[in-house]
Structures are given as C-alpha cells and as structure tokens.
Amino acid sequence: MITLYNTKTKTKMKTKAETAQSFRKGFFTLHSSLFTSLLLAAMTVTSCSDFLDILPMNDVVLQNYWTQKADVTSVMNSCYEALENNDCLTRLAVWGELRSDNVRAGANVPNAINEILKENLLPSNEYCNWAKVYECINRCNTVCHYAPQVQAIDPNYTYGEMQANVAEATTLRALAYFYLMRTFRDVPYTTQPSINDQQNFVIAATPFDELADTLIEDLESVKDNAVRRYYVDDSPSAYQNSSKITRWAVYTLLADLYLWRGNWDKCIEYCDVVLNFKKQQYDEMLERNGNITNIALIDGIPMILEKPTGTTTCGNAYNEIFGTGNSFESIFELYFNSHQSQQNTWVGDYYGNSNTTFGRLSCPDFLAKDVASGSNTVFKRTDGRIYESTQSSNSSYAIAKYVRSRVNYSTQNVTSETDLRMSSSRRSSRDANWIFYRMSDVILMKAEALIERNQEGDLDAAFALIDIINKRANDAVDGQRKSTLKRADYDTKGSMEQLVLEERQREFLFEGKRWFDLVRFARRDGNNARLVELASRKYIDNVNAIKIKLADPNIIYFPYARNELKVNPKLKQNPAFTNDENSELTTK
C-alpha cells in the first residue's frame, strides 16, 4: 500500500462548502501536486487503497471541517450515497443472488458475470473487489470518530442527535460488514477512519464468528439511540422512515445476525419487537384514518393486501412494496428517484427496463414454467409472486421484479397465463428503490429461529408465520384468502426447515438474498449437500462438474481479489481458490 505523507505545509486551505462537496463525492481533494504524485505512484503499484477507498484528509482541512452539525449531516448522507453507488450496489446484489438457483444468463452478459454464473470464479474477477463497500465503511467510521467532537463544540448539535448519528453510522457499517462476511467469510475489520496521512491499513482478516459477535456487540451498544421515526406516517417526507436507519432497522439487522449465530431466543426477541411496532403503527393508522382497505391483519400481523378490500384484482402489494416503494412494510431500503445523479443501474441493466424485456440476467425455467397450468413444483397457480416477478417471452422468462412500476391481474380460475389478464407498466428510468429489509424478512426470520429452537409448540408457531406470507401471496384462492399449505405435510423439523427455505425463495425472488440463505443453511447443516442440490437446478450443461465443485465447503465463499493479496500480506487466500490463484500468477 502507498504511504500518504503528511503534506500539511503544502496543502492549500479549503472552504467548508468545498470540503463538504468533496466528501459527498467520496474522496478529499488534495493539493494538485500531491494528487499528481499519488496518481503517478498508483500507476506503479497495483492498488493504492483497495481496502479503504477514501484518501485521507489533510490535518488543515480536518481542523476547519468538523466544527458544526451540518458537517456531520453532510458526511452521514454520504454514507448512504456510498451504498447507492452503482459499483457498490451491484456487488451487494451479485454476491447475494448470482450463484443461486434464482438467476441465469440473459442478454449481453458481461464476461465477469458470466464466469460467476458458470461457477468459474477466479480471484481476478472484478466482483471479488470489495473497495466500494469499504468506502462506505470508512465514511461510517469517520462519522463515529468526529461526531462526538463536533457535539462538544457546537451548541446546536445536541447529545441525543450525536448519539442518533453514531447509531445510524454504526448500523450502516455493520450492514456493510455483514455483506462482506457472508460473501468472503473472514474479512478485515476496523472502526478506525482513514484520516491520517501516515496510517497503514494492513489488517488481518477477522474470523466469521468473531466478526458476527463484534457486530452484534456494536449494534447492542447503540440500538436504543437510533431515531424511532423521522416523520409521522402521513407526512410527505415519511419515506425517510424506511430510507434512513431507524431503531427498527437496527433491531432487524440484530435479529438477522443472531439468526446466523444460532442465538434463536435473541433473534425471536428482536423480531417480536419489530412486529409489535408494526402492529402499533397499524393501530395508529386506523385511529387516524379510519377504515384501511389496502392493509389488514392476517392472523394478527398487519400486511399489505394483494387484493384490497372492495377490489377484484391482485397486484396491490407488489405495487406498494416494489412499484412505489417505501411501503408500510418497509424497514430499510435505498431511495432512488429520476432526479438524482445516482441511479439503480443494477435493476435497469441486469433485470430490464421499458426499452428491453430481458436484462443481463433471466429466470430459470423451473421457477416460472407451467405455473398457471398447475404443473410447477415451486409456485402454486394462485401465487401472484411469480407472475409479478417474471415475464414470459419466446419460451424464456425475463425478470420483472422492481422493473415493473405497476401490475394488475387476477388469479381466480387460472388455468393458463392468458387467464391472468395481466396488465403492467415498466420503468423508463432507473429509479427503483432497493430493499434490504421488509416485514416479510422479520416474519420468516422468526419462523426459522422457532424451527431451529424446536421447543414445544415452536413448529406450530413457525408454520403459522410462514402461512401468513403464503396467504397474502395467494389472495384469491376460491375467491377468498386462504393458505395453500397444510400443516400435516410438514410434521418434522427437517421438513419445516425445507418449507421456510422454500417460502423465502418464493417471497424474496431476485432480491439479493437467495445465495446467502443457501450459505446460512449449509453452515448450519455442516455440509453443502442441500446447497448443491438446490443451486445446481438452474444448470443445463456441466451439471455434474458443477456439483462436484460446489461440494467443497470453502467454495461457497468468494476468493480474495488478487490485488488485495498483493497489498495486504496478512490475508490468506480461501483454500478453494489457491490452485486457481497460483495458475493465474504463473500464466499472466
């Protein structure tokens, strides 16, 4: 890594506005001579800052920047912008979805994506580069470092506001690390910002379980400092309640981390806190607005209805959750609109848009074929989720989730796709929000934790929760909402595990979660047998070879990028990719 020397005497002073602008862009503009020297140095060294991507600020700039509340707000906003960055969001989606049985190649597939789809993953693949995610982490670290200092000198920046900002930054940082560890397993962990010209971030990887425990400890220390709500629910700005970190987002992330660590009681506890809040929120809406037609209690939990009261067609839940976004069910999602510079190019390029039916990815036939006729083994003919999320074209299936801004259809008396009377609109701009957590996550996390805890009554309670998700999706069975599931069909812990995994696939199709689900179950199973069986379903060619490759317990994680190994000697390559790494180094 390049050592950035202290240039305090050479760097010109900047105004606070200039510094804030450079912060929002994700780096700090240094004196032109220093920038030139860094650029020349970068040409001779493979990676100047692959681990932490923000150049350090000069001491003079630091002394003149962190003086008031607005400075903290500016950098806090830049943490969200780092996640919204095209390179960052694309990686999060690729890591969580691409290797799963949900997707296969579509049109004009880039080589790096195609190689991952074929399970020909090498350390030279660009999606092994984690720099953009660490950029978000570094911004969060910077907020946590400087916010207390600003609070001490700015009387307009209250102690409570500072605590809320630190909780917000800590949660975004934990979310970024959570993606990294689920993708690479062991990753370098630091809470120190890159702010000093002579800092050296050559850090060994923290083991998966240790890092998970550390993230839990971080979140537990700030969870009750996070903002409960930024606006009341009928405010025009209420979308920020789910596009900024709230206390409920902290609790949900904690529940997820506890689920991965096998602490079933704590996972259930935090899920209940979030679900109780949503019930309270629903009661407040009833009291404030009177009758609500688009949300109703399904076995005691408020859910957005696919077919609102008084209507005869489905699609409402999709329209609110994925079409408009920031719905009642949302807990945390990235907010995009057509007027901002950063757009959701992942959906526009890889799923599709108004100009093209097929993006760079498509849906495997086994998920979408013959659903309406009743012959599909994954989806029932009345399950609206598959119709909303895919579009058939020339015997292939395009991905439509997030792409469509509106759908309208009927699942009553369906025997073929024409019976759906589907009408829809597709986005003309890349402004689809990207959802990290919504109520369905919380419900199914609690169900999974109950199954694994497996105390008296837990399997019944878990089935009831899964059934809520299934009932909402099958909103017009025989003209009324009722489940397509039967409790008697799932009479063992093993069969119930399989049910929750199946329901998660149906509910979170193309939402960047499926591969992580398969990895979590493989870790819990102690082997890759289930993962191999499910992930290989999408393949047509070289199926046996892929099954053999996926059986290696190490290969379910990505390799460290070649450049990272060069600049950080403390990293040790994933054993599954050691031979590939050696082969590359000897042939290039």
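The model is predicted.

**Stop 1: N316**

Select N316. It lies in helix α13, which covers residues 316-324. Its relative accessible area is 17%, so N316 is buried, given that the cut-off is under 20%. Now show its neighbours, leaving out residues up to four places away in sequence. N316 touches N294, I304, L305, E306 and P308. R406 is 90 residues from N316 along the chain, yet their C-alpha atoms are separated by 8.4 Å.

**Stop 2: aromatic pairs**

Next, display the rings of Phe, Tyr and Trp. The count of aromatic pairs comes to 29. Pick F332 and F436 from among them. Their rings are stacked, with 5.4 Å from centre to centre and 20 degrees between the planes. F332 belongs to strand β6 (residues 330-334) and F436 to strand β12 (residues 434-438), so this pair ties together parts 104 residues apart in sequence. Both F332 and F436 are buried.

Move on to Y387 and Y409. This pair is edge-to-face: the planes stand at 65 degrees and the centres are 6.3 Å apart. Y387 sits in helix α16 (residues 384-389), while Y409 is in the loop between β10 (404-408) and β11 (423-426). The two are 22 residues apart, and the pair links distant parts of the chain. Y387 and Y409 are both buried.

Then select W95, W130, Y134, Y177, F184, Y189, F558 and Y560 together. Ring pairs join these residues into a cluster.

**Stop 3: arginines over rings**

Select R360 and Y350. The charged end of R360 sits over the Y350 ring, 5.0 Å from its centre. Switch to R524 and F521. Here R524 lies over the face of F521, at 5.0 Å from the ring centre.

**Stop 4: helices α18 and α19**

Finish with residues 458-473, helix α18, and residues 493-507, helix α19. How are these two helices, α18 and α19, oriented to each other? They pack at an angle of about 25 degrees, with their axes 11 Å apart. Angles under 35 degrees count as roughly parallel, and α18 and α19 are therefore roughly parallel to each other. Their crossing is left-handed.

Show side chains at the contact. From α18, look for L459, F463, I466, I469, N470 and R472. From α19, the contact is made by K493, M496, L499, V500, E503, R506 and E507.

Notes. Residues are numbered from 1 along each chain as its sequence is written. This is a predicted model: local features need pLDDT of at least 70, side-chain atom pairs count only at pLDDT 80 or more; totals for chains, interfaces and linings use all residues. Side-chain values use heavy atoms; hydrogens and water are left out. Helices (H or I, at least four residues) and strands (E, at least two) are DSSP runs, numbered from the N terminus. Buried means under 20% relative accessible area, exposed over 50%, partly exposed in between (1.4 Å probe, protein chains only). Contact means heavy atoms within 4.5 Å. Rings of Phe, Tyr and Trp (its six-membered ring) pair if their centres lie within 6.5 Å; planes under 30 degrees apart count as stacked, over 60 as edge-to-face and the rest as tilted. A charge sits over a ring if NZ of Lys or CZ of Arg is within 6 Å of the ring centre and within 35 degrees of the ring normal. Axes are lines fitted to C-alpha atoms, for helices over the stretch in contact, and angles run from 0 to 180 degrees between N-to-C directions. Angles under 35 degrees count as roughly parallel, over 145 as roughly antiparallel, 65 to 115 as roughly perpendicular and the rest as oblique. A crossing is left-handed if the near helix is turned anticlockwise from the far one by less than a right angle, and right-handed if clockwise.
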